[in-house]
Each structure stands twice: as C-alpha cells, then as structure tokens.
Amino acid sequence: MVNKKNRSEVRANKHRRIRSRLSGTPEQPRLAVFRSNNHMYAQIIDDVAGNTIVSASTVQKDVKDGLAKTNNIEAASKLGEVIAKRALDNGIKTVVFDRGGYIYQGKVKALAEAAREAGLEF
C-alpha cells in the first residue's frame, strides 16, 4: 500500500530545503511569501537579527480596498506593489525571494513580478 503525503507536507518539505540554501541579511533581506486559502501574506525578514522589517497582507484594510477577492492573482499583484513600496520607503532595494515552497506560477509569480515592477530587485 502506497502512503501519499498531503500537499501541505510536500510544501513544508520544499520550504525547508529552500530555506537551507537562502537566508536574509541586513544588506539583502528575504522576501517571504505565505498563502492561505483566503489570503496572502508577504514579509521582508532580516534572518541575522531575526526580525521582520516590513510586512503586508491582504487582511490589511489598505491592501484589501478595491479588491473583489483576496485570494486571486489580482490581489497577489496588488500585494506585491504594496510590499515593494513599503520596502523602498524603508531603504530596501534588493531582496532574496523565498517562495515558501510554493510553485512559481499563478499568485506567487504575480506577487513577484508586481514587486519587481514596483522597484524591488531580485
């Protein structure tokens, strides 16, 4: 009998492997992405100091305004613009992208491309 892992376990293992290879520094912090069924979350983290520098999510009122849904590609691209603007306001220009074990397509890709267009480099 074959035991198949569920999708969340597979994603967690991928994320663990990714995190073993990349880390955020004060000069180039890590842009981490998390998706739930209803919302998306993005935060810029300095792993050396162990603190979050900038964060944004579709739960926040200023991000949620004007969106019909909070879990689609349109919401992800708006979140990418917001996180990039907040990062640039804090003097962060380059980051390391941590896709969180998710496949780089759809919402994760939309967030990354919107952040790049808004001025972040990665």
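Start by selecting Asp47 and Arg19: their side chains meet in a salt bridge, 3.7 Å from N to O (a side-chain nitrogen of Lys or Arg within 4 Å of a carboxyl oxygen of Asp or Glu). Asp47 sits in the loop between strand E2 (40–46) and strand E3 (51–57) and Arg19 in helix H1, so the pair ties together parts 28 residues apart in sequence. Helices (H or I, at least four residues) and strands (E, at least two) are DSSP runs, numbered from the N terminus.

A word on what you have open: this is a predicted model, where local features need pLDDT of at least 70, side-chain atom pairs count only at pLDDT 80 or more, and totals for chains, interfaces and linings use all residues. Residues are numbered from 1 along each chain as its sequence is written, and side-chain values use heavy atoms, with hydrogens and water left out.

Next, pick Asp98 and Arg30, another salt bridge at 2.8 Å, N to O. Asp98 is in strand E4 (residues 96–98) and Arg30 in strand E1, so this pair ties together parts 68 residues apart in sequence. Are the two buried or exposed? Both Asp98 and Arg30 are buried (under 20% relative accessible area; exposed is over 50%, partly exposed in between, with a 1.4 Å probe and protein chains only).

Now go to Asp62 and Arg86, whose closest N and O atoms are 2.7 Å apart in a salt bridge. Asp62 belongs to helix H2 (residues 61–64) and Arg86 to helix H3 (residues 73–89), 24 residues apart.

Last stop: Phe34 in strand E1 (residues 30–35). Phe34 is partly exposed, at 39% relative accessibility.
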